[in-house]
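Please walk through the structure shown below. The paragraphs that follow take its chains in turn, then some individual elements, and end with the contact between the chains.

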Amino acid sequence: MTTALRDFIKNPTTAELELVARYAMQPEDGRRERAFLAFAETGLPHRRMEAWKWSDFKAALKALETPASASANDPVPHDGALVFRFAPTGFEQPKTLPEGVRILTQPTTQALSGAEDVPLGALAAALAGGGARPSTMVIEITSSDLPRLHFVFDGAGEASFARIIFLVRSGVSLTMTESYLGGAGFTAALLEFNLEDAARLNRTIYQRGGTDEALAVTGLINLAANSAAVQTTLAFGAKVARMETRAVHQGSGAKLTLNAAYLSGKGLHADITTHVRHGAPGCVTRQLTKGAVLDGGTGVFQGKFFVPRKTGQHTDADMQHQALLLEDGAVVFAKPELEIYADDVECAHGNTCGALDDAQMFYLRQRGIPETQARAMLTEAFIAEALSTADDSVRDVLLAEAQNWLSS
Amino acid sequence: MDCCGGTTEHDEDCDDVKVKDSIDAKTVEAAKALESENYSAGFTTDIEMDMAPKGLSEDTIRYISAAKNEPEWLLEWRLKAYERWLTMEEPSWAMVRYPKIDYQAYYYFAAPKAGAKYASIDDVPKEILETYEKLGIPLREAEVLLGVEGAVETAAEAREKPRVAVDAVFDSVSVATTFRKELQKAGVIFMSISEAVHEYPELVKKYLGTVVPQSDNFFATLNSAVFSDGTFVYIPKGVRCPMELSTYFRMNAENTGQFERTLIIADEAAYVSYLEGCTAPMRDENQLHAAVVELVALDDAEIKYSTVQNWWPGDEDGKGGIFNFVTKRGDCRGDRSKISWTQVETGSAVTWKYPSCILRGDDSVGEFYSIAVTNGRQQADTGTKMIHLGKRTKSRIISKGISAGKSDNTYRGLVSVNRKAEKARNFTQCDSLLIGDRCGAHTIPYVENRCASAQLEHEATTTKLSEDQLFYARQRGIAEEDAVALLVNGFVRDVLQHLPMEFAVEAQSLLKVSLEGSVG
């Protein structure tokens, strides 16, 4: 098997061979195999693949190694939350769970549809588990009256893989947060959200990573009729970090808000990629991504709205990406894409990219505010809009983290 | 049968497409007028042709080169390209689907038997003259257009109108180039590239392949190997070309490919406006058109390049039609130079075309204005690339796509800013409109910014400029939607109306279109 797989990935790199070896140690399972084969088809995604042209994992991840830098501290409060922790070798979860949340840690893998579209999500599905870690963690939510669920990904090690599936039952609201704090050389996480009719999700993601770490977070969101999901991301990047979301409107009247802010400094690369399929009539999508990049940093935004024939009629979708290049040497790549086959829809997209407004800077400076501080103030005001959708319990924390970054 | 009133929810064969109310009726009409059944240029001309042997090999290239009596260096150049082409793969990233092309099934050279170039109007075969007449090229003024002595007085009337010098390319060869003598007085060189190779070898050698290198992409490399004819233009320093220049491309022979190569050089502070038009007969087979256009603008020069592309699009079931795989690129090599591309795309079964600007000189300007209309089963993947290299370079992209029938229309564009392109600016606006629910409209804009002081805007209504303009219009009592239409559509319409479109009826009718009710 291993030999065959080795042959399957063309000219495998050291990292790819190590991933094959990790897969060989997993228990045999047809679904796991299918997920790994989906990954093996391309190997680690690289710049010759259209969807990865600006985020080359093959080049960035030469081998699986424990990085020199330790995990960052988690600014997201743990008090009052149900905390789950995934580390390269360990796993922790609350000792007791309130009514309304049920966890099924399954020994076998769940099938992952569309695995070919998300090679690193497929990799997470294939390699999750081992030791105390669940292969697939299925969380069923049946009550809106729950504390916030918080998922932490940290701890030192070569690599960390996780897969979590949420079932949010009809009419139920779920608030959850995730912190990706670095520490592992390579982290791949796959989170799937199935929202039943009129279910609600508020998801907030905080990400921090080192200059020798690779991270891929893949989120799949399925929205049934009249359900609503709000997602807010604050990403600081890693050597290469991809925060990818693929959402499907499956029932009419569903509403999706996808907001993100990336702040990328020297040696760091933050990629926000989204794909929304408007597969039911009359669905609404609002997307706002803001970015600020310093010398030596890279920001990537790739957004796509897909509106199929007939089922996509009366879609109302808006995608905006705005980036600030704060210093020379900053780099921003963007691709806000529309693919539309239905004629009675409105899909807007906008994309701007530039420096801070000179007039605004002058205004602040003539009032005696030093340049660094003025720049931080303006950038904060610029970024804050995208973070306004975060849950009340974490919004101020995210803003404070953004402020710290801007004024340091 | 009243197919739309039937009980079935959706009838695939139904001809009447339900168009949503917000779309302007004139737009629907204008798009309908472009359906293939209304294609007026689809006739064939019966004329004896000299053809290269079918298929592509080193021998074909030697045949073409020998037929044109080319110097050795050019043959070597072609062979080098061919060798490279053999190692390349046909690109598949565009949003178009078509049957695999058999490159051995085409004739790569077809010329009227009577010879390529004619000394006087009398020598031009009657069939060819009639062809151009039928296409609406004003050939009754042919004596003037062809620059034959003694004819000037008879066409005093014609001179009062703005005149256009025409290079007429029929299949693989240029058959006539008009106004040459008069242009020569101004120092302007306007001739077929085959002639230029002999008359101005140094100029050709200096610029050929410097904007689109031989190995640029699959189709450009193929063109480098087998290009047959095309137009060569050189505008000397400080000269404003006294008239519009144009090339009219006509594909006639069956199973041929047309591979022309156009090279336009505007020397320092020169100006030229150039228009190309294209048509082809209705045939059931697909025909290949792989052209290369290279523009070079030196310091303070300006080139305005307009295209009215109306190749045979194939019938409504997608049978036949031209594969239009074209590489067009302008190099703003000099400071303060400007290159402007305007295209009206209504023809071809498959279009793969991205007229681009390399903004190398400081303060140089690139512009791209495009209207693409697809009908039937047409597929268009078109757009532009603006590569900002020089300081304070500016570019503007305005693209309008209209899809009807079962067609697909894709805008694909790249704005790339080099880290040294301080204070570069770009503004992009692209709208698409779907007429009916069986077509598709796609927008794929790429932005790569490596310069902190650059300002790039893509359809951003939040910019100060448009906000002020909008406020100005609104305080005068103009509704917001109308104001936006005035500012954006009005602007594009204005540009199109300034196009030299004497012989482009289809483009005129497009001016009626409005992008109200657009989807994205």
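How many helices and strands does chain B have? In this predicted model, chain B has 14 helices and 24 strands. Of its 520 residues, 55% count as buried. Among the contacts in chain B with a separation of 6 or more, 83% are between residues 24 or more positions apart.

Chain A can be described in the same terms. Its secondary structure comes to eight helices and 19 strands. The radius of gyration of chain A is 21 Å, close to the 22 Å that the globule rule gives for 408 residues, so chain A is as compact as a globular protein of that length. The C-alpha trace of chain A spans about 70 × 45 × 45 Å along its principal axes. Of the 408 residues of chain A, 56% count as buried. Residues 24 or more positions apart make up 84% of the chain A contacts that have a separation of 6 or more.

The largest nonpolar core has 255 residues. The residues with the most contacts inside this core are A:A122, A:A124, B:V233, B:A266, B:V272 and B:I303. Strand β8 (residues 184–195) of chain A gives the largest share of the core, eight residues. Beyond its neighbours within four places in sequence, A:A124 is in contact with A:F161, A:A162 and A:R163, with A:A188, A:A189 and A:L190, and with A:T218.

Strand β14 (residues 338–345) of chain B is a case of an enclosed element. Why can β14(B) be called largely enclosed by the rest of the structure? Eight of its eight residues are buried, so the rest of the structure largely encloses the strand. In a regular strand the side chains alternate between the two faces of the sheet. For β14(B), both faces are covered. On one side B:K338, B:S340, B:T342 and B:V344 are buried, and on the other B:I339, B:W341, B:Q343 and B:E345 are buried.

The strand also has two pairing partners to describe. Strand β12 (residues 302–309) of chain B pairs with β14(B) in the parallel sense over eight bridges. In this pairing, B:Y305 has B:W341 of β14(B) as its bridge partner. Strand β17 (residues 365–374) of chain B runs parallel to β14(B), and eight bridges join the two. Here B:I339 has B:G366 in β17(B) as its bridge partner.

An α-helix has 3.6 residues a turn, so residues three or four places apart point the same way. The buried residues of α2(B) are B:T60, B:I61, B:I64 and B:S65. These residues cover an arc of only 130° around the axis, which puts them on the same side of α2(B). B:D59 and B:A66, on the other side of α2(B), are exposed. The buried residues of α2(B) pack against α3 (72–86) and α10 (218–226) of chain B. After the helix comes B:N69, whose phi is positive, near 55°.

B:G55 has 14 other C-beta atoms within 10 Å and is partly exposed. Apart from its neighbours within four places in sequence, B:G55 is in contact with B:T60 and B:Q104. The C-alpha atoms of B:G55 and B:D102 are separated by 9.0 Å, although the two residues are 47 residues apart along the chain.

The last topic is where the chains meet. The contact takes 33 residues from chain A and 27 residues from chain B. On the chain B side, the elements giving two or more residues are β23 (440–449) and β24 (455–458). Of these, β23(B) gives the most, with 10 residues. By class, the side of chain B that touches chain A has 12 nonpolar, nine polar and six charged residues. Strand pairing also crosses between the chains: strand β19 (residues 346–354) of chain A and β24(B) pair in the antiparallel sense over three bridges. Within that pairing, A:N351 stands opposite B:H458 in β24(B).

Terms used
Residues are numbered from 1 along each chain as its sequence is written. Chains are lettered from A and ligands numbered from 1 in the order in which they are written. This is a predicted model: local features need pLDDT of at least 70, side-chain atom pairs count only at pLDDT 80 or more; totals for chains, interfaces and linings use all residues. Two residues are in contact if their C-beta atoms, placed from the backbone, lie within 7 Å. Helices (H or I, at least four residues) and strands (E, at least two) are DSSP runs, numbered from the N terminus. Ala, Val, Leu, Ile, Met, Phe, Trp, Tyr, Cys and Pro count as nonpolar, Asp, Glu, Lys and Arg as charged, and the others, Gly among them, as polar. Two strands pair if DSSP finds at least two bridges between them. The radius of gyration is taken over C-alpha atoms; the globule rule is 2.2 Å times the number of residues to the power 0.38. A residue is buried if 20 or more other C-beta atoms lie within 10 Å of its own, exposed if 12 or fewer, and partly exposed in between; C-beta atoms are placed from the backbone. A nonpolar core is a set of buried Ala, Val, Leu, Ile, Met, Phe, Trp, Tyr and Cys residues joined through C-beta atoms within 7 Å. The arc is that of the directions from the helix axis to the C-beta atoms.
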